[in-house]
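Subject: Structure handover

Hello,

Here is the structure you will be taking over. Please open it beside this message, and then read on for what turned up.

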Amino acid sequence: MEDERKNGAYGTPQKYDPTFKGPIYNRGCTDVICCVFLLLAIVGYVAVGIIAWTHGDPRKVIYPTDSRGEFCGQKGTKNENKPYLFYFNIVKCASPLVLLEFQCPTPQICVEKCPDRYLTYLNARSSRDFEYYKQFCVPGFKDNKGVAEVLRDGDCPAVLIPSKPLARRCFPAIHAHKGVLMVGNETTYEDGHGSRKNITDLVEGAKKANGVLEARQLAMRIFEDYTVSWYWIIIGLVIAMAMSLLFIILLRFLAGIMVWVMIIMVILVLGYGIFHCYMEYSRLRGEAGSDVSLVDLGFQTDFRVYLHLRQTWLAFMIILSILEVIIILLLIFLRKRILIAIALIKEASRAVGYVMCSLLYPLVTFFLLCLCIAYWASTAVFLSTSNEAVYKIFDDSSCSLTAKTCNPETFPSSNESRLCPNARCQFAFYGGESGYHRALLGLQIFNAFMFFWLANFVLALGQVTLAGAFASYYWALRKPDDLPAFPLFSAFGRALRYHTGSLAFGALILAIVQIIRVILEYLDQRLKAAENKFAKCLMTCLKCCFWCLEKFIKFLNRNAYIMIAIYGTNFCTSARNAFFLLMRNIIRVAVLDKVTDFLFLLGKLLIVGSVGILAFFFFTHRIRIVQDTAPPLNYYWVPILTVIVGSYLIAHGFFSVYGMCVDTLFLCFLEDLERNDGSAERPYFMSSTLKKLLNKTNKKAAES
């Protein structure tokens with residue numbers, strides 16, 4: 001490896017250039033073709049959004065619609081007094097995805113109330129319950145057909161099942177009326193097409209529907225918790241922001257001390273977590289029901305049940321103990337390299353101190369990402385609600401019009417009805433037969449792809465902007481006197497003016513890999529029911545390979561963007577030069593760059609752990625001073641997890657600036673070593689801190 005580096009296997013080291021003073025200002029546009037492609041893709045994306053907004057109706061997500069597309073319970077319509085949606089054959093709605101999208105392939109009508117008894121059409125017709133039964137038949141139903149014809153034409157459901165309304169939709173209450181449904185598993189009924197089905201299928205479909213019912217109830221309780229705790233969640237996030245900002249400011253002046261305090265605090269926080277889990281584990285010893293295993297308990301929507309099990313606290317204790325041991329071992333083996341990494345963090349602290357506005361740039365990235373997410377989500381909703389009910393002509397005889405589309409309202413008086421007297425216009429499926437409806441799946445994939453592309457572009461813009469600002473600091477010979485005015489704004493302007501194409505190119509490569517991963521996840525879900533072990537193994541290998549590929553591309557892109565910010569070269573040239581530069585200095589990369597990443601991870605864990613513990617004690621009413629202030633909750637883990645996730649995102653936003661600063665200074669440091677030798681004619685641009693760092697790394701290299 002050392003011989004290959006010396007022989008130029010990874011490119012030629014940079015030569016001394018007396019005119020080089022940092023980021024090049026006299027540069028030209030790069031990867032213009034990719035810039036044009038991005039603009040055309042954005043125009044197409046806007047067109048897709050407009051088309052989706054024209055055809056879709058997001059009210060379908062909230063309000064139910066019958067098979068004719070009419071809303072249930074809407075004022076001013078004929079269904080004003082019919083607020084609930086009734087499915088003729090719930091078996092066809094067994095998939096939770098179908099229930100959530102509200103596009104079940106079975107006739108649906110609006111009703112005043114859900115069924116409250118078990119009836120079959122055959123039994124009801126010859127009893128006094130027939131008038132009750134007819135309210136669940138299609139509007140305008142007339143009892144002038146035989147039983148077989150009614151069920152064949154889909155005028156009435158074959159069976160009524162006791163149901164409960166949920167989100168204005170009637171779902172079977174299988175648990176509440178289990179005795180009724182399970183009377184004789186051999187009981188059968190006729191479905192809407194005259195076939196015979198075992199009622200076991202109906203029970204299974206109803207159970208899956210009730211799974212969605214329980215999930216909805218869980219969602220409603222979580223929503224209630226948010227409504228009463230959002231104020232305290234915001235306070236917790238503000239505390240996390242204040243802690244992150246305070247930590248960054250202290251790093252500016254006390255980098256060495258803060259790093260060691262951070263390391264010790266992380267160990268102590270994890271140690272307290274282990275102690276708390278052990279105390280809870282010991283407290284539950286001997287309590288009734290505490291020895292039930294997690295496997296026997298299964299999934300419960302009330303997560304508080306798990307906290308009454310000893311096995312839960314044992315699992316938490318084992319996980320925290322493993323994490324504690326791993327961190328301690330890493331600290332023992334990396335103790336000398338941590339001292340070197342601290343010097344690099346000190347230099348990064350000075351750079352951030354001179355470009356303080358860089359700490360606010362993550363807010364710009366966050367705002368742009370919110371725009372991308374909002375546009376993607378709204379377009380996805382409009383596309384998913386674009387499907388319409390499709391009706392087909394059915395006839396038992398050899399009618400030439402069979403399987404053609406029809407309108408159920410105008411069909412009785414149409415020419416088709418006269419040509420085929422026995423034909424009937426019957427609901428077939430949800431979708432559409434226009435070019436737009438056939439292209440819906442492709443439009444959804446395009447929507448997801450554009451989201452990945454634009455989101456990666458926004459992240460790339462932030463990385464190039466920060467890299468340009470911090471590179472201006474490094475290549476200033478007299479710091480901070482030679483630092484240009486407004487380095488962050490200058491870097492942002494250069495990135496947009498000259499390198500939009502290069503950023504689009506790097507984001508495009510990453511987006512392609514990410515959309516392939518999404519497709520693989522979709523195929524994996526479809527293959528779960530299959531018993532083909534080879535296909536499952538192949539899918540697992542593909543998912544692993546593309547995961548690794550995505551990580552490598554992110555690493556390569558990040559360093560390529562630093563080179564773009566400094567030299568203004570195109571994406572491919574920048575990626576090659578960055579990769580070769582790192583490979584020529586692979587030992588320093590392992591010693592410094594990754595150790596600083598580990599230290600920043602500990603900083604995030606410290607902030608998240610501290611805020612998480614505070615939120616846990618507050619929302620569980622364990623802080624006596626504010627015991628009565630905490631709101632009553634269904635699940636106290638809802639605000640706690642929200643605070644923890646939000647705290648991590650906030651800490652990641654602040655530390656991402658430091659991370660980009662360290663990576664930029666590190667690449668500039670390596671370039672400086674190749675361009676200059678520290679003499680009076682070719683002086684180093686690095687600060688005295690980095691010169692000490694250089695001496696330490698050279699000493700370690702000599703010892704090894």
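Ser163 sits in strand β5, which covers residues 163-166. Bear in mind that this is a predicted model. Is Ser163 buried or exposed? Its relative accessibility is 16%, and the cut-off for buried is under 20%, so Ser163 counts as buried. The side chain of Ser163 reaches the backbone oxygen of Ile161 at 2.8 Å. Leaving aside residues up to four places away in sequence, Ser163 touches Cys114, Pro115, Cys170, Phe171, Pro172 and Ala173.

Now the chain as a whole. The protein chain has 23 helices and ten strands. Of its 704 residues, 46% are buried. Its accessible surface comes to about 35,600 Å². Carbon and sulfur atoms account for 64% of that surface. Take the contacts between residues at least 6 apart in sequence: 73% of them join residues at least 24 apart.

Pro23 is in the loop between α1 (2-6) and α2 (32-55). Which residue lies 445 residues from Pro23 in sequence, yet 6.8 Å away in space? That is Gly468, with the distance taken C-alpha to C-alpha. Pro23 also touches Gly468. Pro23 has a relative accessible area of 6%, so it counts as buried.

Phi of Asp31 is near 50°, a positive value in a residue other than glycine. Most residues other than glycine have a negative phi. Phe486 also has a positive phi, of about 50°, and is not a glycine. Look for Phe486 in the loop between α16 (440-474) and α17 (487-498). Phe486 is exposed, with a relative accessible area of 60%.

Next, the strands. Strand β1 (residues 84-87) and β2 run antiparallel, and four bridges join them. Phe86 stands opposite Ile109 in β2. Which way do the residues of β2 (residues 108-111) point? Gln108 and Cys110 point one way, while Ile109 and Val111 point the other way. In a regular strand the side chains alternate between the two faces of the sheet. In β2, all four of these residues are buried.

Then the aromatic rings. How many aromatic pairs are there? The count comes to 32. One of the pairs is Tyr272 with Phe617, which is tilted, at 6.4 Å centre to centre and 40° between the planes. This pair links distant parts of the chain. Tyr272 is in helix α9 (residues 199-283), Phe617 is in helix α21 (residues 586-619), and 345 residues separate them. Tyr272 is partly exposed, with a relative accessible area of 33%.

Tyr561 and Phe571 form another tilted pair, at 6.2 Å centre to centre and 50° between the planes. Tyr561 lies in helix α19 (residues 533-567) and Phe571 in helix α20 (residues 571-584), so this pair ties together parts that are ten residues apart in sequence. Both Tyr561 and Phe571 are buried.

Tyr45, Trp53, Tyr375, Phe382 and Phe446 form it.

Two arginines lie over tyrosine rings. The charged end of Arg117 sits over the ring of Tyr132, 3.8 Å from its centre. Arg310 lies over the face of Tyr281, at 4.0 Å from the ring centre.

Last, Thr620. Where is Thr620? It is in the loop between α21 and α22 (637-675). A polar atom of the Thr620 side chain lies 2.4 Å from the backbone oxygen of Phe616. Thr620 has a relative accessible area of 15%, so it counts as buried.

Over to you.

Best wishes

Conventions
Residues are numbered from 1 along each chain as its sequence is written. This is a predicted model: local features need pLDDT of at least 70, side-chain atom pairs count only at pLDDT 80 or more; totals for chains, interfaces and linings use all residues. Side-chain values use heavy atoms; hydrogens and water are left out. Helices (H or I, at least four residues) and strands (E, at least two) are DSSP runs, numbered from the N terminus. Buried means under 20% relative accessible area, exposed over 50%, partly exposed in between (1.4 Å probe, protein chains only). Contact means heavy atoms within 4.5 Å. Accessible areas come from the Shrake-Rupley method with a 1.4 Å probe; for residues, only the protein chains shown count as cover. Rings of Phe, Tyr and Trp (its six-membered ring) pair if their centres lie within 6.5 Å; planes under 30 degrees apart count as stacked, over 60 as edge-to-face and the rest as tilted. A charge sits over a ring if NZ of Lys or CZ of Arg is within 6 Å of the ring centre and within 35 degrees of the ring normal. Two strands pair if DSSP finds at least two bridges between them. A polar contact is a pair of N or O atoms within 3.5 Å; within protein, one must be able to donate a hydrogen and the other to accept it, and residues adjacent in sequence count only if both atoms are side-chain atoms.
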